[in-house]
Amino acid sequence: FLNTNHTLYNAVKKAEQDGHLLTEEARRAALHLRIDFEKGGIHLPSGKLDRVNQLNMDAHKLCREYGENIINDPGYVDIFPASRIPRQIQHLLKPIYRLTSGVSKESLGSYEDEQEKGFRIITEPRTLFSVLQLTPDEQVRKMAYLKGNSVPHANHDVLDELINSRHELAQFVRKFEASLGGKCQQLSGKIMGCKSYAEFVMQLNMASSPEVVVSFLQEMSNMVKEKADEEFNTIRNLKRDVCGQRCVDLEPWDEAYYTTMMKSSAYNLDSAGLKLLVNSLFGASFDSVPMAPGESWHPDVLKMCIHHPEEGDLGFLYLDLFSRKGKYPGCATFAIKGGRKISETEYQLPVMALVFNFSRSHDSSIVRLNHSELETLFHEFGHALHALLSRTDYQHFAGTRVALDFAETPSNLFEYYARDYRVLKKFARHYSTGEVIPEKLVKSLNGARDMFAATELQRQIFYALVDQTLFGEQLSVPRDTNSIVAHLKRQHSNEKHVEGTHMHIRFSHFLTYGAGYYSYLYAKCFAATIWKKLCQEDPLSPTTGTLLRTKLLQYGGAKEPADLLTDLVGDGIVRYHNGGIVPDVTSCLEEMKLLDDKNRHI
């Protein structure tokens with residue numbers, strides 16, 4: 001690890017002490033580099049440093065093991081007969097066969113005549129979600145839910161070991177304390193360990209401490225509870241109407257099916273909206289460019305260039321849109337090369353990759369997306385734009401290399417563009433007729449999305465509280481993670497906890513966002529305020545694009561996030577609370593129609 005190199009560490013400290021760093025960004029870069037070194041324990045005696053290095057390697061190994069277990073043990077259930085599975089998802093499943101009852105081997109005739117067809121549901125997350133959404137047979141949904149939420153068993157021990165390793169690591173690490181406002185020159189190191197991994201993670205975040213985060217999450221949970229209760233009753237009543245039974249209860253495997261029933265609507269969209277955003281907001285083109293031999297890792301990959309007529313090329317983006325066997329299973333943005341200033345006249349252009357797993361249409365040259373997939377595309381493109389349009393002096397601050405609880409803000413903001421009719425009508429057309437997407441349909445899609453917004457927000461709060469608790473202060477008596485999750489679910493969710501299910505053993509955000517999952521909720525609130533105050537009136541205005549670029553995106557992590565946000569939209573986007581910074585929730589709650597007098601007072 002570079003963070004264990006004493007020569008580099010001493011050079012960074014000397015640069016700070018000599019006072020030769022002439023810009024605020026340079027001073028900030030030196031400080032952040034030094035803190036990165038010291039978070040790796042470089043200031044410790046050799047014996048303790050060896051232990052920190054071992055703990056970091058253990059944590060890395062455990063994270064890899066956790067992810068591999070999810071892939072290698074997704075679980076499965078076999079369903080007979082095949083008619084219990086709806087046709088629209090049968091292509092996702094594996095056909096299987098069994099002998100029909102009463103048929104002896106001696107009397108077997110034709111293979112097809114004497115075999116009963118069924119389907120094996122591999123309960124990996126994407127397939128499981130489709131099954132829960134679209135399968136009318138409640139017993140099939142139940143079997144799939146129970147299996148999918150109880151594997152991989154090996155991750156119980158892996159997660160416990162990871163929690164312990166991260167907690168021990170935090171004990172070694174120098175604690176940094178910042179004055180309110182987070183100005184980097186006011187940060188001073190104290191030779192004392194952190195109380196928890198959560199405290200360790202948050203040292204340079206806006207929140208500053210786990211106490212601030214938990215207080216914010218509990219406040220949000222209280223605000224959303226009444227509306228979430230109403231939505232729960234609405235879903236339960238629909239189930240009762242459909243089943244014809246007034247006493248039937250809503251089970252965890254029911255929610256996705258009945259909410260989909262209430263908001264089903266579909267329209268084919270495509271990735272042309274990315275070009276529209278780049279051109280309208282930033283006055284630049286976004287076009288495919290040729291690749292050198294061997295440059296691409298797969299024939300599906302496109303290389304795109306953002307080009308400005310006055311500034312020239314701004315950066316490059318590889319697009320890998322389609323699902324295929326052996327591919328990374330999620331949707332994500334990867335930095336290949338960060339932007340940085342090389343000299344007064346030369347800048348290293350950023351290079352990013354966007355990786356998705358969209359289904360390929362019959363015409364393999366066409367990308368056809370549903371509305372949810374389009375939101376995902378715009379979300380990840382927001383991350384990419386943050387990197388491609390940042391112009392920092394140092395690669396250390398390029399693009400998304402920002403405080404963790406700020407990183408998701410641009411991506412959440414660009415989701416709004418996937419919901420706005422003024423944007424969609426410019427590129428969203430029916431794949432066969434060419435008809436422009438109707439405004440009525442867009443309203444329907446957005447209405448469906450908002451129909452159970454409080455329930456979804458409550459779920460995200462629950463996930464964030466589980467994350468904070470698992471990586472928070474450890475009690476003297478070891479804690480059972482299953483009991484922690486069950487307790488928090490009863491407190492902060494309407495969904496029943498089913499004994500034997502364990503959502504935390506395949507929730508990979510605990511690895512990548514350990515003690516930082518709350519960042520999604522911070523971003524949701526920040527993005528709602530930016531959209532309302534800056535973008536909503538004219539979302540594709542070049543003026544809006546200029547402000548987003550020059551006041552937010554171009555700085556990456558080179559400035560304090562709270563300063564960037566306030567400079568962009570003015571006061572009222574952040575609040576100072578108990579030594580940390582939390583988002584103002586007003587715009588988010590107004591958007592969700594949750595801002596009644598009680599919540600306004602809170």
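**Close-ups of helix packing and ring pairs**

**View 1. H9 passes H19 in a left-handed crossing.** This is a predicted model, and here we zoom in on helix H9 (residues 210-243) where it packs against helix H19 (residues 519-535). The angle between them is about 65 degrees, and their axes sit 11 Å apart. On the H9 side, look for Val212, Phe216, Leu217 and Met220; they meet Leu521, Tyr522 and Cys525 of H19. Sorted by class, this contact comes out as 7 nonpolar residues, with no polar and no charged ones.

**View 2. Tyr197 and Phe471 make a tilted ring pair.** Searching the whole structure turns up 23 aromatic pairs. For Tyr197 and Phe471, the ring centres are 5.7 Å apart with the planes at 55 degrees, so the pair counts as tilted. Tyr197 belongs to helix H8 (residues 197-201), while Phe471 is in the loop between helix H16 (453-470) and helix H17 (481-492), so the pair ties together parts 274 residues apart in sequence. Both Tyr197 and Phe471 are buried.

**View 3. Phe216 and Tyr522 pair up edge-to-face.** Their rings are 5.1 Å centre to centre, with 80 degrees between the planes. Phe216 comes from helix H9 and Tyr522 from helix H19, a link between distant parts of the chain, 306 residues apart. Phe216 is buried, and so is Tyr522. These two also turn up among the residues that meet where H9 contacts H19.

**View 4. Ring pairs join up into an aromatic cluster.** The members are Phe462, Tyr463, Phe507, Phe510, Tyr513, Tyr517 and Tyr520.

Technical notes. Residues numbered from 1 in each chain as written. Predicted model: local features only at pLDDT ≥ 70, side-chain atom pairs only at ≥ 80, totals over all residues. Heavy atoms only, no water. Axes fitted to C-alpha atoms, helices over the stretch in contact; angles between N-to-C directions. Helix = DSSP H or I, 4+ residues; strand = E, 2+ residues; numbered from the N terminus. Left-handed = near helix turned anticlockwise from the far one by under 90°. Contact = heavy atoms within 4.5 Å. Nonpolar A, V, L, I, M, F, W, Y, C, P; charged D, E, K, R; others polar. Phe/Tyr/Trp six-rings, centres within 6.5 Å; stacked < 30°, edge-to-face > 60°. Buried < 20%, exposed > 50% of the residue type's maximum accessible area, 1.4 Å probe, protein only.
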